[in-house]
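Thanks for coming, everyone. Please look at the screen for a moment before I start talking.

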Amino acid sequence: MPLETHAAADLSLADQRWQARIDLAAAHRLAVMHGFHEGIFNHLTLRVPGTEDRYYQIPFGTHWSEVRASTFMEVGYDGALLAGEGHIEQSCYAIHAPIHRLNPRAAAVFHTHMPFASALSRLEDPRILPIGQTEIGTMIHTAYDMDYHGPAFDPAEGERLAEILGDKTVLMMASHGVATIGRTVAEAYDRLYYVERVAQVQLYAMWTQRPLKFLPEDVVQETVAQFAGKAPRYGDESNAEWHFAALKRLLDRREPDYRD
């Protein structure tokens, strides 16, 4: 099983689980800071380290600005409350539990209705276009659910979404929002951050009503190759881990109580 937390290899299982809670709490607080949240809805979940049948979820009614490491419940893939107190929000369970269960890379599953990605999902053609470097780096990992079926209260919907996601790590959900997955909180949050920035820039470019400048196919393919393995790596951590660590340092100065 992949490790679900930053630098988890050097920690005991108990410490891994607490670090997982800290990272997931940080993701909720950062999502408020970055404007990714929508009231008390949307969901950021993480498989409980060392398990294959449960994940962390906040109690229904908790605002993301209130989330702390101690806030999370443990919810089973069967929908049972295994630890903690509170109501299990049904659409979170219906979407997230099947993706955690069916996709071994989905230790973290983040689903939001953040404004720019959600606006892009409302278009007849919601695809990320090859008009810039960051767009290419995101589009090659993105799958598209083109059919909205209403609110998700049945795990069959999560199973359907897991199948559409396949081997991708970003899912654009028509008339709905976006989901990202990762082996760590850092990976899932990094993808969430950049898909929102990509959607924002694309919509801004479209709003000018001037012709978009599509990159030539050979440049697209060379850029894809660079992202696929030729890009520099700094130390033992991925760019996502570096990014998330920097964001947590900012959070530590502003809202250190998320670690409680």
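Some ground rules. This is a predicted model, where local features need pLDDT of at least 70 and side-chain atom pairs count only at pLDDT 80 or more, while totals for chains, interfaces and linings use all residues. Residues are numbered from 1 along each chain as its sequence is written, and side-chain values use heavy atoms, with hydrogens and water left out.

Let's begin with the strands. Find strand 6, residues 142-145, and strand 7, residues 170-173. They pair in the parallel sense, over four bridges. To count as a pair, two strands need at least two bridges found by DSSP. How does the chain get from strand 6 to strand 7? It goes through helix 5, residues 155-165, in a right-handed β-α-β crossover. Right-handed means this: with the strands pointing away from you, the path from the first strand over the helix to the second runs clockwise.

Now the spaces. Rolling a probe the size of a water molecule over the atoms shows where empty space is left. The search runs on a 1 Å grid over the protein atoms alone. A cavity is a set of points where a 1.4 Å probe fits but cannot get out. A pocket is an open set with protein on both sides within 12 Å along at least five of seven lines. Lining residues have an atom within 4 Å of a point. Grid points are joined across faces, edges and corners, and a volume is the space filled by probe spheres set on the points.

Take the largest pocket. Its volume is about 1,100 Å³. Which residues lie nearest its centre? They are G137, H141, D190, F227 and N239, out of 27 lining residues. Four helices each supply at least two residues of that lining: helix 4 (133-139), helix 6 (185-207), helix 7 (217-230) and helix 8 (239-254). By class, the pocket lining has eight nonpolar, ten polar and nine charged residues. Nonpolar covers Ala, Val, Leu, Ile, Met, Phe, Trp, Tyr, Cys and Pro; charged covers Asp, Glu, Lys and Arg; the others, Gly among them, are polar.

F227 sits in helix 7. F227 is partly exposed, at 40% relative accessible area. Buried means under 20%, exposed over 50%, and partly exposed in between, with a 1.4 Å probe and protein chains only. F227 and Q133 are 94 residues apart in sequence, yet 9.8 Å apart in space, C-alpha to C-alpha.

The largest cavity holds about 80 Å³. It has 13 lining residues, with N42, H43, Q57, I58 and E89 nearest its centre. Strand 1, residues 43-47, gives the most to this lining, with three residues. The cavity lining has six nonpolar, six polar and one charged residues.

On to charges. A salt bridge is a side-chain nitrogen of Lys or Arg within 4 Å of a carboxyl oxygen of Asp or Glu. How many does the structure hold? There are 14. D125 and R127 form one of them, at 2.7 Å, N to O. D125 is partly exposed at 34%, and R127 is partly exposed at 45%.

Now look at E187. Is E187 buried or exposed? At 8% relative accessibility, E187 counts as buried. R183 forms a salt bridge with E187, with the closest N and O atoms 2.6 Å apart. R191 also forms one with E187, at 3.6 Å. R191 and E187 both lie in helix 6, four residues apart, about one turn of the helix. There is a network too: salt bridges that share partners join R29, R68, E255, D257 and D260.

Last, two contacts. H28 is in helix 1 and is buried, at 1%. H28 and V67 are 39 residues apart along the chain, with their C-alpha atoms separated by 6.7 Å. G39 lies in the loop between helix 1 (13-33) and strand 1. G39 and W64 are 25 residues apart in sequence and 8.0 Å apart in space, C-alpha to C-alpha.

That's my tour. Over to you.
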